Amino acid sequence: MMTQRRLFGFCALATLLAGCSPWTSPQAGRSLYAQNCAACHGADAQGGAQVPDLTRIAARAGGAYPQRMVLDKLDGYARGAVAYQGAEMPNFGDLLVGRLTRVETDQGLSRQLPEPIVALDAYLRTLQR
Ligand code: HEC
(Lines give C-alpha, C1' and ligand atoms only; values in the text may rest on other atoms or scores of the structure.)
Protein backbone atom coordinates (compact mmCIF):
# COMPACT_ATOMS: atom_id res chain seq x y z
CA MET A 1 0.00 0.00 0.00
CA MET A 2 1.20 3.44 -0.79
CA THR A 3 1.48 5.85 2.07
CA GLN A 4 1.12 9.61 2.08
CA ARG A 5 4.69 9.80 3.28
CA ARG A 6 5.94 7.97 0.23
CA LEU A 7 3.99 10.31 -2.03
CA PHE A 8 5.34 13.30 -0.16
CA GLY A 9 8.88 12.00 -0.40
CA PHE A 10 8.49 11.57 -4.12
CA CYS A 11 7.18 15.10 -4.51
CA ALA A 12 10.04 16.50 -2.47
CA LEU A 13 12.50 14.68 -4.71
CA ALA A 14 10.68 15.76 -7.85
CA THR A 15 10.67 19.36 -6.63
CA LEU A 16 14.38 19.16 -6.26
CA LEU A 17 14.84 17.70 -9.72
CA ALA A 18 12.26 19.39 -11.90
CA GLY A 19 9.74 21.39 -9.95
CA CYS A 20 6.59 19.80 -8.62
CA SER A 21 3.49 21.93 -8.83
CA PRO A 22 0.30 20.78 -7.13
CA TRP A 23 -1.01 20.04 -10.63
CA THR A 24 1.79 17.67 -11.60
CA SER A 25 2.24 15.96 -8.24
CA PRO A 26 1.64 12.25 -7.63
CA GLN A 27 -1.32 13.26 -5.44
CA ALA A 28 -2.92 15.02 -8.41
CA GLY A 29 -2.13 11.96 -10.51
CA ARG A 30 -3.82 9.72 -8.00
CA SER A 31 -7.15 11.47 -8.32
CA LEU A 32 -6.86 11.64 -12.12
CA TYR A 33 -6.16 7.93 -12.06
CA ALA A 34 -9.27 7.25 -9.97
CA GLN A 35 -11.41 9.27 -12.39
CA ASN A 36 -9.99 8.09 -15.71
CA CYS A 37 -8.10 4.84 -15.37
CA ALA A 38 -9.32 2.76 -12.44
CA ALA A 39 -12.36 1.50 -14.35
CA CYS A 40 -10.07 -0.54 -16.63
CA HIS A 41 -6.79 -0.90 -14.74
CA GLY A 42 -8.41 -1.37 -11.32
CA ALA A 43 -8.40 0.75 -8.17
CA ASP A 44 -5.19 -1.03 -7.12
CA ALA A 45 -3.78 -0.60 -10.67
CA GLN A 46 -3.13 -4.31 -10.92
CA GLY A 47 -5.12 -4.71 -14.12
CA GLY A 48 -6.90 -7.85 -15.19
CA ALA A 49 -7.09 -10.51 -17.87
CA GLN A 50 -6.98 -8.06 -20.81
CA VAL A 51 -5.52 -5.01 -19.10
CA PRO A 52 -1.89 -4.63 -17.97
CA ASP A 53 -0.84 -4.39 -14.32
CA LEU A 54 0.38 -0.79 -13.95
CA THR A 55 2.34 -1.58 -10.79
CA ARG A 56 4.67 -3.69 -12.92
CA ILE A 57 5.48 -1.32 -15.76
CA ALA A 58 9.10 -1.08 -14.62
CA ALA A 59 9.36 -4.81 -13.93
CA ARG A 60 8.09 -5.63 -17.44
CA ALA A 61 10.58 -3.18 -18.92
CA GLY A 62 13.47 -4.96 -17.20
CA GLY A 63 13.60 -2.93 -13.98
CA ALA A 64 13.91 0.70 -15.10
CA TYR A 65 10.68 2.71 -15.28
CA PRO A 66 10.19 3.46 -19.01
CA GLN A 67 9.07 7.07 -18.65
CA ARG A 68 9.10 7.87 -22.33
CA MET A 69 6.86 4.94 -23.21
CA VAL A 70 4.42 5.95 -20.47
CA LEU A 71 4.36 9.61 -21.51
CA ASP A 72 3.89 8.68 -25.16
CA LYS A 73 1.10 6.30 -24.26
CA LEU A 74 -0.75 8.80 -22.12
CA ASP A 75 -0.20 11.72 -24.46
CA GLY A 76 -1.35 9.70 -27.46
CA TYR A 77 -4.31 8.32 -25.57
CA ALA A 78 -5.40 11.70 -24.30
CA ARG A 79 -5.14 13.16 -27.78
CA GLY A 80 -7.52 10.59 -29.14
CA ALA A 81 -5.00 8.34 -30.86
CA VAL A 82 -6.03 4.71 -30.88
CA ALA A 83 -3.57 3.51 -28.28
CA TYR A 84 -5.66 0.65 -27.03
CA GLN A 85 -6.84 -1.55 -29.86
CA GLY A 86 -10.25 -3.00 -29.26
CA ALA A 87 -10.98 -1.02 -26.11
CA GLU A 88 -13.62 1.64 -26.33
CA MET A 89 -12.12 5.08 -25.90
CA PRO A 90 -13.49 6.99 -22.93
CA ASN A 91 -13.63 10.75 -23.10
CA PHE A 92 -10.31 12.05 -21.84
CA GLY A 93 -10.87 15.71 -22.68
CA ASP A 94 -10.09 16.60 -19.08
CA LEU A 95 -6.54 15.39 -19.51
CA LEU A 96 -5.96 17.91 -22.29
CA VAL A 97 -7.19 21.08 -20.65
CA GLY A 98 -4.31 21.39 -18.19
CA ARG A 99 -1.61 23.94 -18.77
CA LEU A 100 1.50 22.75 -20.52
CA THR A 101 4.55 22.12 -18.44
CA ARG A 102 8.10 21.37 -19.48
CA VAL A 103 9.40 17.99 -18.38
CA GLU A 104 12.97 16.80 -18.30
CA THR A 105 12.66 13.11 -19.00
CA ASP A 106 14.95 10.39 -17.73
CA GLN A 107 16.55 10.23 -21.16
CA GLY A 108 17.66 13.84 -20.86
CA LEU A 109 15.06 15.12 -23.31
CA SER A 110 12.86 18.11 -22.62
CA ARG A 111 9.19 17.99 -23.62
CA GLN A 112 6.08 20.14 -23.22
CA LEU A 113 3.17 18.10 -21.90
CA PRO A 114 -0.21 18.84 -20.34
CA GLU A 115 0.07 18.87 -16.55
CA PRO A 116 -2.43 16.01 -16.02
CA ILE A 117 -0.22 13.69 -18.10
CA VAL A 118 2.80 14.61 -16.01
CA ALA A 119 0.82 14.02 -12.81
CA LEU A 120 -0.32 10.58 -13.99
CA ASP A 121 3.25 9.64 -14.88
CA ALA A 122 4.42 10.79 -11.43
CA TYR A 123 1.68 8.75 -9.76
CA LEU A 124 2.35 5.58 -11.78
CA ARG A 125 5.99 5.84 -10.82
CA THR A 126 5.10 5.65 -7.13
CA LEU A 127 3.19 2.40 -7.75
CA GLN A 128 6.07 0.37 -9.15
CA ARG A 129 6.97 -2.75 -7.20
C1 HEC B 1 -10.88 1.37 -21.73
C2 HEC B 1 -9.95 0.71 -20.79
C3 HEC B 1 -8.73 1.51 -20.38
C4 HEC B 1 -8.69 2.75 -19.78
C5 HEC B 1 -9.86 3.65 -19.38
C6 HEC B 1 -7.28 3.03 -19.56
N7 HEC B 1 -6.51 2.01 -20.02
FE8 HEC B 1 -4.48 1.91 -19.93
N9 HEC B 1 -4.51 0.20 -21.02
C10 HEC B 1 -5.67 -0.48 -21.40
C11 HEC B 1 -5.28 -1.65 -22.20
C12 HEC B 1 -6.24 -2.66 -22.81
C13 HEC B 1 -3.87 -1.61 -22.30
C14 HEC B 1 -2.97 -2.62 -23.05
C15 HEC B 1 -2.96 -2.32 -24.55
C16 HEC B 1 -2.13 -1.12 -24.86
O17 HEC B 1 -1.01 -0.97 -24.34
O18 HEC B 1 -2.59 -0.27 -25.64
C19 HEC B 1 -3.43 -0.44 -21.55
C20 HEC B 1 -2.10 -0.06 -21.40
C21 HEC B 1 -1.65 0.97 -20.59
C22 HEC B 1 -0.26 1.31 -20.35
C23 HEC B 1 0.95 0.59 -20.92
C24 HEC B 1 1.40 -0.44 -19.93
C25 HEC B 1 2.62 -1.22 -20.40
O26 HEC B 1 3.43 -1.60 -19.55
O27 HEC B 1 2.74 -1.45 -21.61
C28 HEC B 1 -0.24 2.37 -19.51
C29 HEC B 1 0.97 3.08 -18.95
C30 HEC B 1 -1.63 2.71 -19.24
N31 HEC B 1 -2.44 1.84 -19.91
C32 HEC B 1 -2.03 3.72 -18.42
C33 HEC B 1 -3.34 4.17 -18.33
C34 HEC B 1 -3.72 5.38 -17.61
C35 HEC B 1 -2.78 6.25 -16.78
C36 HEC B 1 -5.06 5.53 -17.81
C37 HEC B 1 -5.94 6.67 -17.36
C38 HEC B 1 -5.60 7.98 -17.92
C39 HEC B 1 -5.51 4.40 -18.61
N40 HEC B 1 -4.45 3.61 -18.91
C41 HEC B 1 -6.83 4.19 -18.98
C42 HEC B 1 -6.96 -0.15 -21.08
C43 HEC B 1 -7.36 1.06 -20.54
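Two notes on what you are looking at. This is a predicted model, where local features need pLDDT of at least 70, side-chain atom pairs count only at pLDDT 80 or more, and totals for chains, interfaces and linings use all residues. Residues are numbered from 1 along each chain as its sequence is written.

Now the overview. The protein chain has six helices and two strands. Helices (H or I, at least four residues) and strands (E, at least two) are DSSP runs, numbered from the N terminus. Along the sequence, the pattern is α-α-α-α-α-β-β-α. The protein chain has 129 residues, and 26% of them are buried. What about contacts? Of those with a separation of 6 or more, 55% join residues 24 or more positions apart. A contact here means C-beta atoms, placed from the backbone, within 7 Å.

Back to Ser31. Ser31 sits in helix H2. Tyr123 is 92 residues away from Ser31 in sequence, yet the C-alpha to C-alpha distance is 9.4 Å. Ala34 is also found in H2, which covers residues 26–36. Ala34 is exposed, because 12 other C-beta atoms lie within 10 Å. Asp44 is 10 residues from Ala34 in sequence and 9.7 Å away in space, C-alpha to C-alpha.

Next, helix H6. How many of the 13 residues in H6 are buried? The count is 11. Among them are Ile117, Val118, Leu124 and Leu127.

How do H2 and H6 meet? Their axes come within 7 Å and cross at roughly 95 degrees. Axes are lines fitted to C-alpha atoms, for helices over the stretch in contact, and angles run from 0 to 180 degrees between N-to-C directions. The two helices are therefore roughly perpendicular; that label covers 65 to 115 degrees, with under 35 roughly parallel, over 145 roughly antiparallel and the rest oblique. On the H2 side, the contact includes Pro26, Leu32 and Tyr33; on the H6 side, it includes Pro116, Leu120 and Tyr123. By class, the contact has nine nonpolar, two polar and one charged residues. Nonpolar is Ala, Val, Leu, Ile, Met, Phe, Trp, Tyr, Cys and Pro; charged is Asp, Glu, Lys and Arg; the others, Gly among them, are polar.

On to the strands. S1 (residues 100–104) and S2 (residues 110–114) run antiparallel, joined by five bridges. Strands pair if DSSP finds at least two bridges between them. Glu104 has Ser110 as its bridge partner, and Val103 stands opposite Arg111. S1 and S2 form a hairpin with five residues between them, and Gly108 in the turn has a positive phi of about 80 degrees.

Last stop, Ala45. Ala45 lies in the loop between helix H3 (38–41) and helix H4 (57–60). Ala45 is buried, because 21 C-beta neighbours lie inside 10 Å. Its phi is positive, near 65 degrees, and Ala45 is not a glycine. Most residues other than glycine have a negative phi.

Notes: Buried ≥ 20, exposed ≤ 12 C-beta atoms within 10 Å, placed from the backbone. Contact = placed C-beta atoms within 7 Å.
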